[in-house]
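Here is a friendly walk through one model, written for a reader who likes to check things against the coordinates. Have a look at the sequence and the structure first.

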Amino acid sequence: MKKIERIQTGLRLEKRLLKVLKGLAEHLDMSVAELIEAMALHAFEGRAPFSAETIGKINQLKSVYDLDLTAEDSHRTSDSEGDA
């Protein structure tokens, strides 16, 4: 195993997106941080991070938490009024 150094960071994420990530991390028996690391490393190599089965679970979680955002929305969002 490779030795790495992790640092604590504060991320601001869309509320429903975080709920889906937490649910998926729980399903995969990992932390949200580990899930985000894995997603980023796969994306950096142009590889899909999830199997068809996992994408099915993601779609279930998106439905449960009413997450209607898509990749196209990633550059078209703004914080709600009153958010810091």
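## Surface and overall layout

The chain exposes about 7,300 Å², and carbon and sulfur atoms supply 52% of that area. Please keep in mind that this is a predicted model.

How many helices and strands does the chain have? There are three helices and zero strands, and from the N terminus on the elements run α-α-α. Along its principal axes, the C-alpha trace spans about 45 × 30 × 25 Å. Of the 84 residues in the chain, 12% are buried. Among the contacts with a separation of 6 or more, 56% are between residues 24 or more positions apart.

## Helix α1

Helix α1 covers residues 15-27, and its 13 residues should span 18 Å at 1.5 Å a residue; the end C-alpha atoms are 19 Å apart, which agrees. Val 20, Leu 21, Gly 23, Leu 24 and Ala 25 are buried in this helix. What do the buried residues of α1 pack against? They pack against α2 (32-44) and α3 (52-64).

At the start of α1, a side-chain oxygen of Glu 14 comes within 2.8 Å of the backbone nitrogen of Arg 16. Just after α1, Asp 29 adopts a positive phi of about 60 degrees.

## A nonpolar patch

Leu 11, Leu 13 and Leu 17 make a nonpolar surface patch of about 250 Å². Leu 17 sits in helix α1, and its relative accessible area of 32% makes Leu 17 partly exposed.

Is Thr 54 buried or exposed? Thr 54, which belongs to helix α3, has 12% relative accessibility and therefore counts as buried, the cut-off being under 20%. Its side chain is joined to that of Ser 51 by a polar contact of 3.1 Å. Setting aside neighbours within four places in sequence, Thr 54 is in contact with Leu 24 and Leu 28.

Lys 62 is also found in helix α3. At 24% relative accessibility, Lys 62 counts as partly exposed. Not counting residues up to four places away in sequence, Lys 62 touches Val 20, Leu 67 and Leu 69.

## Salt bridges

The structure holds six salt bridges. One of them joins the side chains of Asp 79 and Arg 12, at 2.6 Å from N to O. Asp 79 lies in the segment after α3 and Arg 12 in the segment before α1, so the pair ties together parts that are 67 residues apart in sequence. Both Asp 79 and Arg 12 are exposed.

Arg 16 forms a salt bridge with Glu 14, and the closest N and O atoms are 2.9 Å apart. Arg 16 is partly exposed at a relative accessible area of 25%, and Glu 14 is partly exposed at 29%. Which residues are linked with Arg 16 in a network of salt bridges? Glu 14 and Asp 68 are the partners in that network.

Arg 47 and Glu 45 form a further salt bridge, with their closest N and O atoms 3.2 Å apart. Here Arg 47 is partly exposed at 48% relative accessibility, whereas Glu 45 is exposed, with a relative accessible area of 56%.

Notes. Residues numbered from 1 in each chain as written. Predicted model: local features only at pLDDT ≥ 70, side-chain atom pairs only at ≥ 80, totals over all residues. Heavy atoms only, no water. Helix = DSSP H or I, 4+ residues; strand = E, 2+ residues; numbered from the N terminus. Expected span 1.5 Å × (residues − 1). Buried < 20%, exposed > 50% of the residue type's maximum accessible area, 1.4 Å probe, protein only. Contact = heavy atoms within 4.5 Å. Polar contact = N/O pair within 3.5 Å; in protein donor to acceptor, adjacent residues only side chain to side chain. Patch = residues over 30% accessible without salt bridge, like charges linked within 9 Å, V, L, I, M, F, W, Y side chains within 5 Å. Areas by Shrake-Rupley, 256 points an atom, 1.4 Å probe, with all protein chains shown as cover. Salt bridge = Lys/Arg side-chain N within 4 Å of Asp/Glu carboxyl O.
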